[in-house]
Amino acid sequence: MIFHVLTIFPEFFEGPFAHGVVKRAKDAGLLDIRIHNLRDWTHDRHRTVDDRPFGGAEGMVLKCEPIFDAVESIWPERRPDQKVVLLSAQGTLFDQATANRLKENAEILLICGRYEGVDERVAEHLADEEICIGNYVLSGGELAAAVVVDTVARLLPGVLGNEASSAFESFQDTGHGEGLLDCPHWTRPADFRGWKAPEVLLNGNHEEIRKFRRKIARDKTAKHRQDLLVTPPPPALSTPPPAASSSPDDPESPSTPPSRQS
């Protein structure tokens, strides 16, 4: 798979893609990451990529001309399996389902937004989709691009040492199923400061372990992300049920009703 990253800070990616799973995938030839400097498609001596927005709003906006020129130069004739993705705070939320969908493409070109944003004509007439990685604003799309590349890369065949690793991760519909969070994990020592790993994980019964992991994955999801549950647990009672009425003959029954506090 080939990733193209269009940015005004190409040196940013010397770090994120030089370690871990992404680097191993690159070294193994499973992944090709090509960084493109947007300023290479400017035509003035200052290599200008931004301008003031129409209407007098604050900040600066990335111009559409160099972005269109860059994409059309990288892909003179775009195939259906070559997708342009604009990274923007105004995009749809990036999630595991999006990552699974993106991995089906042969090439992805990520446009890193900057400043106040990108000329809207890029989103309307060039990008296949516009995505953001969370409900917050970054200084630019470079961090988001690194997140997208890492998330998609680990889903590619052969990238992870164990193919089942990605199947049982959080948010996947495989493994524990239903897009649950991953289950908690324990490792040696089995007893640390009196906190013991669950006995079921030590008994070697794979069926019991599978059932236990699914249960605690659902418990973890219910605790932290109830929005991910297909059938969420019933809400807890906000007030305790009323107590049984006291008998008139009960010596501890109050003679007058208690006052109500506002």
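**Strands, pocket and salt bridges**

Modeller: In β7, V118 is the bridge partner of L62. Before we go on, this is a predicted model, where local features need pLDDT of at least 70, side-chain atom pairs count only at pLDDT 80 or more, and totals for chains, interfaces and linings use all residues. Residues are numbered from 1 along each chain as its sequence is written, and side-chain values use heavy atoms, with hydrogens and water left out.

Biologist: Which sense do β4 and β7 pair in, and over how many bridges?

Modeller: Parallel, over two bridges, with β4 covering residues 61-62. Strands here are DSSP runs of E, at least two residues, and helices are runs of H or I, at least four, numbered from the N terminus. Two strands count as paired if DSSP finds at least two bridges between them.

Biologist: What's the strand order in that sheet?

Modeller: β3-β4-β7, an open sheet with mixed pairing. The edges are β3 (50-51) and β7 (117-118), each pairing on one side only.

Biologist: And β1, is that buried or exposed?

Modeller: Six of the six residues in β1 (2-7) are buried, meaning under 20% relative accessible area, with exposed being over 50% and partly exposed in between (1.4 Å probe, protein chains only). I2, H4 and L6 are buried on one side, and F3, V5 and T7 on the other.

Biologist: Which strand does β1 join?

Modeller: β2 (residues 32-37), through six bridges, and the two run parallel. T7 has N37 as its bridge partner in β2.

Biologist: Switching topic: what's the volume of the largest pocket?

Modeller: About 370 Å³. A pocket is an open set of points on a 1 Å grid over the protein atoms alone, where a 1.4 Å probe fits, with protein on both sides within 12 Å along at least five of seven lines; lining residues have an atom within 4 Å of a point. Points are joined across faces, edges and corners, and the volume is the space filled by probe spheres set on them.

Biologist: What lines that pocket?

Modeller: There are 25 lining residues, with L87, S88, A89, Q90 and L138 nearest the centre. The largest share, five residues, comes from β5.

Biologist: OK, charges. How many salt bridges?

Modeller: The count is 14, taking a side-chain nitrogen of Lys or Arg within 4 Å of a carboxyl oxygen of Asp or Glu. In one of them, R101 meets E129 at 2.8 Å, N to O. R101 sits in helix α3 (residues 96-102) and E129 in strand β8, 28 residues apart.

Biologist: What about R114, which residue does its side chain meet?

Modeller: E142, at 2.9 Å, N to O. R114 is in the loop between β6 and β7 and E142 is in helix α5, so the pair ties together parts 28 residues apart in sequence.

Biologist: Why do R114 and E142 count as buried?

Modeller: Because R114 has 18% relative accessibility and E142 has 1%. There's also a network, where salt bridges with shared partners join R79, D81 and E107.

Biologist: Last one: where's the cis peptide bond?

Modeller: Between R188 and P189, with omega about 0°. P189 is in the loop between α6 (164-167) and β9 (191-192).
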